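I opened this notebook to record, step by step, what I looked up in the structure. The entries start with the ligand and move on to the sheets and the loops.

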Amino acid sequence: MSSEVTSPFGVVLDVASGGVEPEGPVTERRVSDLEGLFKDGGAYRRARDGGDALVYRVVGAPVPEVPGEVPFSVTTIEPGDVGGELYMTKGHAHTAYEGEVYVGLSGRGLLLLYSGEEARWVEISPGRVGYIPPGWAHRTVNVGEEPFRFLAVYPGGAGHDYDFVEEHGMGARVFRSGKGYEVVDLSAGAEGAV
Ligand code: PAN
Ligand code: ZN
């Protein structure tokens, strides 16, 4: 347990910009930070060397990541794709057996979940909340034409393991299609998979 004491406080979430005031840690991920994520390696290198666009930003509230605390943050994923595969977060598993809640703020997104065997997905938009049960790796994807923005709330002792997704992927990939987007389920739990 930390000896830090957090006082009660309120923050202002600026839904139009993704800002959090007062602000905690901020993380930005550009195409160059996402090596190995996208299926099309040639399209990835072209996107990285030709502009290296911002893909997503996470703005946290000033809450320490320690057991007992409940950190929260706003993620904004820009609209876009690399070789037709829609912009997404790196994705991670929690190191502790802890869940998480995602509250849609603006735009349209997909919450991808992967148990290691089965891939699942849940649409997130303003008024829709996604629940991540303990034990499921998770990633979000912008499936709309506007920035996709959501509030994440998670236990301070959850911990973040990026290696699992880097090694095993998410069991599914999400591409642009005529209908907007298409999820390709590559997991062992997919229909028709052996
Ligand atoms: C979220 C994510 C955030 C960015 O706050 O950390 O959306 O995704 P990556 O961490 O996968 O880059 C969360 O799930 N926290 O636990
Ligand atoms: Zn998480």
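**Entry 1: the ligand and its surroundings**

I began with the position of ligand 1, and I noted that it sits in the largest pocket. Before going further I wrote down that this is a predicted model, and I read every value below with that in mind.

Next I looked up which elements supply the shell around ligand 1, and I found that β4 (54-60), β5 (72-77), β9 (100-106) and β14 (148-153) are the ones that give two or more residues to it.

Which residues come nearest to ligand 1? Of the 17 residues around it, I listed Tyr56, Thr75, Tyr102, His160 and Tyr162 as those that come nearest.

I then went through polar side-chain atoms facing the oxygen atoms of ligand 1. For Tyr162, an N or O atom of the side chain is 2.5 Å from an oxygen atom of the ligand, while for Thr75 I noted 2.8 Å between a polar side-chain atom and a ligand oxygen. For Ser73, the entry reads 3.4 Å, again from a polar side-chain atom to an oxygen atom of ligand 1.

**Entry 2**

Tyr102, which I had already listed among the residues that come nearest to ligand 1, stands opposite Ala152 in β14.

**Entry 3: the sheet of three strands**

I then looked up another open sheet, in which three strands run in the order β11-β10-β13 with antiparallel pairing. Here β11 (119-124) and β13 (137-142) stand at the edges with a single partner strand each, so each has one side without a neighbour in the sheet. Neighbouring strands are turned by 25 degrees against each other on average, direction ignored.

I checked the pairing of β10 (residues 109-114) with β13, and counted six bridges in the antiparallel sense. Leu113 has His138 in β13 as its bridge partner.

**Entry 4: a helix start and some loops**

At the start of helix α1 (residues 41-49), I found a side-chain oxygen of Asp40 that reaches to within 3.2 Å of the backbone nitrogen of Gly42. Just after α1, Gly51 takes a positive phi of about 130 degrees. Asp52 also has a positive phi, of about 45 degrees, although it is not a glycine, and I placed Asp52 in the loop between α1 and β4.

Finally, I noted that the peptide bond from Glu21 to Pro22 is cis, with omega near 5 degrees, and that Pro22 lies in the loop between β2 (19-21) and β3.

Definitions and conventions: Residues are numbered from 1 along each chain as its sequence is written. Chains are lettered from A and ligands numbered from 1 in the order in which they are written. This is a predicted model: local features need pLDDT of at least 70, side-chain atom pairs count only at pLDDT 80 or more; totals for chains, interfaces and linings use all residues. Side-chain values use heavy atoms; hydrogens and water are left out. Two strands pair if DSSP finds at least two bridges between them. Helices (H or I, at least four residues) and strands (E, at least two) are DSSP runs, numbered from the N terminus. Axes are lines fitted to C-alpha atoms, for helices over the stretch in contact, and angles run from 0 to 180 degrees between N-to-C directions. A residue is near a molecule or strand if one of its heavy atoms lies within 4 Å of it. A polar contact is a pair of N or O atoms within 3.5 Å; within protein, one must be able to donate a hydrogen and the other to accept it, and residues adjacent in sequence count only if both atoms are side-chain atoms. On a 1 Å grid over the protein atoms alone, a cavity is a set of points where a 1.4 Å probe fits but cannot get out, and a pocket is an open set with protein on both sides within 12 Å along at least five of seven lines; lining residues have an atom within 4 Å of a point. A molecule sits in a cavity or pocket if more than half of its atoms lie within 2 Å of its grid points.
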